[in-house]
Amino acid sequence: MNNDWICDYLRPRLKRNQPDNLSRQLYRQLQELIRTGRLPGNSSLPASRALGKALSLGRNTVLAAYDQLIAEGYLESRHGSGTYVCDAFLAKPPAVSIPRPRQLSARGQHLVEYSRLPTGKLGAFVPGLPELEQFPYRQWQQCLTRQQRQSPLEWLHYQHGGGLPELRAILSQYLYLTRSVRCSPEQLVIASGAQSALGLLAQLLAEPGEIAWLEEPGYSGAQAAMRAGGLLCHPVGVDRHGLQIDPQAPAPRLIYVTPSHQYPTGAVMSLERRLQLLASARQHDSWIIEDDYDSEFCYSANPLAALQGLDQDNRVIYLGTFSKVMFPAMRLAYLVLPPELVDPFRRCQARLLGETSYLQQAAVADFIERGYFARHIRNMRALYLRRQQLLRHALKQYLGDALPIAGGQAGMHLLATLPNGFDEWELQQAAAQQGLWLRPLARHFLNPPTSSGLVLGYAGIADQTILPSVQQLARLLGARLK
């Protein structure tokens with residue numbers, strides 16, 4: 001233990017005008033630290049003169065405590081070296097009290113249910129995982145180093161501006177040119193990850209007990225965010241044209257959609273459905289959260305523009321992320337907000353979540369400005385399309401028509417349909433033992449699942465791994481499909 005820490009621990013515990021004199025108190029405090037393992041064997045203690053000065057004690061007071069501990073075998077004096085805890089206490093574990101079991105709140109229990117995390121190593125077919133080995137790491141490091149050398153002192157302070165102005169400006173231009181998103185840089189807020197942005201939107205825009213429409217099946221992260229905000233989640237079915245609005249559904253306060261590439265089915269919302277959704281939001285005075293999580297990887301010659309570009313009422317909140325196009329550990333997302341929401345979101349994010357590092361934001365802006373970002377997107381779009389084709393070919397070769405495939409117009413995953421009643425969870429466990437990572441479709445339903453399937457990611461799988469991984473999957477499914 002650091003000697004300064006020992007002094008900090010002892011200082012408030014030594015009381016004057018007590019029945020025990022200060023030497024006896026010091027002895028008892030050091031004895032307790034040694035007996036409980038907080039000062040393990042071979043730990044050095046401060047010199048008597050230094051400890052006395054730090055604690056405002058006379059040196060003789062400290063020496064008397066040390067001498068008593070040496071006599072009882074707690075300490076030993078090493079000539080020319082100092083005072084140490086005896087080696088006999090090396091193996092003494094610190095005493096740990098076992099607290100009585102305590103229950104989470106009801107909301108906490110719901111959150112835990114929606115927060116199941118993968119166990120073990122990530123293997124083939126992880127959805128949403130980008131190719132990391134081919135990320136231009138050297139150029140990224142150069143951007144970080146360059147910005148670090150020239151970063152102003154103010155970037156070390158707490159930030160509350162909603163994001164670095166340079167990054168917001170370049171994102172505004174990027175979104176307009178690539179996704180037809182209409183916004184000024186002032187409407188952009190840089191968030192500390194898409195999940196935290198969803199959670200804060202749920203708290204800011206809806207009262208507990210109000211309704212949120214969610215795609216069924218849909219993104220489990222959005223389900224968790226709405227539940228955490230106290231909203232009642234109403235599932236709305238999807239088909240190959242996207243969200244199927246039910247006129248009889250309860251009026252929503254929030255509507256969460258993934259129109260460019262529905263997660264997990266892969267459907268692209270048609271223009272007719274988009275216009276219908278905007279009209280419904282107008283009718284119910286609702287907010288729409290458009291999660292455009294992987295639109296950079298569209299394989300169609302004429303992709304549909306973002307829903308936000310069609311909005312005439314400032315009801316659509318556009319959400320994008322760098323986790324898929326760069327790397328997940330970045331934890332950097334961005335929101336295009338209607339003007340009246342910018343200041344409330346910016347202030348609440350700064351207070352409740354904190355803004356992400358402006359140094360990292362500056363490096364991202366530099367990465368985009370120098371063309372590395374666009375080049376990486378082009379490279380990954382070609383790579384992911386090739387891997388999707390390899391996966392489709394392998395599935396057809398080893399499973400034929402037994403595993404129908406949906407999606408593939410965009411993104412990083414395919415949906416494989418299984419026969420109804422199939423035990424996806426048992427299959428997931430069996431696959432994990434062989435190094436395969438399978439995501440059951442059942443995980444994405446709010447209501448009891450109406451279909452069975454697997455969400456198969458392909459972006460982060462090396463080309464040469466796809467075929468043997470499909471062979472493993474075919475062997476696992478073989479007996480179960482008969």
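In this predicted model, the side chains of D20 and R28 meet in a salt bridge, with 3.3 Å from N to O; the term covers a side-chain nitrogen of Lys or Arg within 4 Å of a carboxyl oxygen of Asp or Glu. D20 is partly exposed at a relative accessible area of 32%, and R28 is likewise partly exposed, at 40%. Here buried stands for under 20% relative accessible area, exposed for over 50%, and partly exposed for what lies in between, with a 1.4 Å probe and protein chains only. A second salt bridge joins the side chains of D87 and R78 at 3.8 Å, N to O. D87 counts as partly exposed with 43% relative accessibility, and R78 is partly exposed with a relative accessible area of 27%.

Residues are numbered from 1 along each chain as its sequence is written, and side-chain values use heavy atoms, with hydrogens and water left out. As the model is predicted, local features need pLDDT of at least 70 and side-chain atom pairs count only at pLDDT 80 or more, while totals for chains, interfaces and linings use all residues.

A further salt bridge brings together the side chains of D285 and R315, at 3.0 Å from N to O. This pair links distant parts of the chain, 30 residues apart: D285 sits in the loop between helix 10 (271–284) and strand 8, and R315 in the loop between strand 8 and strand 9 (316–321). D285 counts as partly exposed at 47% relative accessibility, whereas R315 is buried, with a relative accessible area of 16%. Over the whole structure, the search finds 17 salt bridges.

Strand 8 itself (residues 287–291) holds E290. Helices (H or I, at least four residues) and strands (E, at least two) are DSSP runs, numbered from the N terminus. E290 is buried yet has no salt bridge, and the nearest side chain of opposite charge, R274, is 4.8 Å away; for charge, Lys and Arg count as positive and Asp and Glu as negative, with His and the chain ends not counted. Leaving aside neighbours within four places in sequence, the contacts of E290 (heavy atoms within 4.5 Å) include V257, P259, A306, L307, V316, I317 and Y318.

Two bridges join strand 5 (residues 232–239) to strand 6 in the antiparallel sense, and L243 in strand 6 is the bridge partner of V238.

Strand 14 (residues 452–457) is largely enclosed by the rest of the structure, because six of its six residues are buried. S452, L454 and L456 point one way from strand 14 and G453, V455 and G457 the other way, and all are buried. Strand 12 (residues 413–418) runs antiparallel to strand 14 and is joined to it by six bridges, with L415 opposite V455. Strand 13 (residues 439–440) is also antiparallel to strand 14, through two bridges, and P440 stands opposite L454.

The helical part is illustrated by helix 13 (residues 372–399). Its 28 residues reach 39 Å from the first C-alpha to the last, close to the 40 Å expected at 1.5 Å a residue, where the expected span is 1.5 Å times one less than the number of residues. Just after helix 13, G400 takes a positive phi of about 60 degrees.

On the scale of the whole chain, the protein is divided into domain 1 (3–89), domain 2 (132–373) and domain 3 (375–479), with bounds from an automatic or database domain assignment. The centres of domain 1 and domain 2, taken over C-alpha atoms, are separated by 57 Å. S115 is found in the loop between helix 5 (106–113) and helix 6 (137–150), and counts as partly exposed at 42% relative accessibility. The C-alpha atoms of S115 and V316 lie 27 Å from each other, with the two residues 201 residues apart along the chain.

Methods. Pairing = 2+ DSSP bridges.
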